[in-house]
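Take a walk through this fold, one piece at a time.

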Amino acid sequence: MTKTILTIDDSRTMRELLRSALDKAGFTVIQAEDGVHGLEVLGASEPDVIITDINMPRMNGLEFIEAVRADGTRRAIPIIVLTTESDPAKKDRARRAGATGWIVKPFDPERLVSAINRVAA
C-alpha cells in the first residue's frame, strides 16, 4: 500500500524538491505552505507521515506539531522536522513538542526516504 506524506514548507522550491524525491520513492505527496495550511490539509487527509519545516509564517513547525499532538485522533502520526536549524535547544523543543525525527537541510533523498520508512513501519 502506498504511503501518503504531508510536506509543510513555506519555500515552493523545497516543496518541489520534496515532491520530486518522494514521488520517485513511490509515496503519495500532499503539500501545505505553513502550519495553518498544514492543519487545514490535515483535516481533509490521512497522511502516514508528516514532514514539516520549523521557520514559517503564520504558524511555525513547533506550533504545528503541538497542535497535531493535542488532537487525539492524529496524535500518533509520525512527524519529521526538516529544517536548516541545527540548534540543540530547538531540536529538544521539537522533541518535547512531539517530533518523531529531525533532519537538517539540505536533505539526502535516500536518508529521508529511509527515515520515513522507519517511522511509518
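This is a predicted model. Start at Phe27, in the loop between helix 1 (12-24) and strand 2. Is Phe27 buried or exposed? Its relative accessibility is 8%. The cut-off for buried is under 20%, so Phe27 counts as buried. Leaving aside residues up to four places away in sequence, Phe27 touches Thr2, Lys3, Ile5, Leu22, Val113, Ile116 and Asn117. Asp92 lies 65 residues from Phe27 in sequence, and their C-alpha atoms are 29 Å apart.

Five strands form an open sheet in the order 2-1-3-4-5, with parallel pairing. Strand 2 and strand 5 (101-104) are the edges, each pairing on one side only. From one strand to the next, the twist averages 20°. Strand 3 and strand 4 (residues 79-83) run parallel and are joined by three bridges. Thr52 stands opposite Val81 in strand 4.

Helices pack on this sheet. Helix 2 touches strand 1, strand 2 and strand 3, and its direction makes about 135° with that of strand 2. Helix 5 (residues 109-120) touches strand 1, strand 3, strand 4 and strand 5, at about 135° to the direction of strand 3.

Gly35, Gly38, Val41 and Leu42 are buried. They cover an arc of only 115° around the axis, so they sit on the same side of helix 2. Glu40 and Gly43, on the other side, are exposed. The buried residues pack against strands 1, 2 and 3 and also helix 3 (61-70). At the start of helix 2, a side-chain oxygen of Asp34 comes within 3.1 Å of the backbone nitrogen of Val36.

Note on methods:
Residues numbered from 1 in each chain as written. Predicted model: local features only at pLDDT ≥ 70, side-chain atom pairs only at ≥ 80, totals over all residues. Heavy atoms only, no water. Buried < 20%, exposed > 50% of the residue type's maximum accessible area, 1.4 Å probe, protein only. Helix = DSSP H or I, 4+ residues; strand = E, 2+ residues; numbered from the N terminus. Arc of directions from axis to C-beta. Contact = heavy atoms within 4.5 Å. Polar contact = N/O pair within 3.5 Å; in protein donor to acceptor, adjacent residues only side chain to side chain. Pairing = 2+ DSSP bridges. Axes fitted to C-alpha atoms, helices over the stretch in contact; angles between N-to-C directions.
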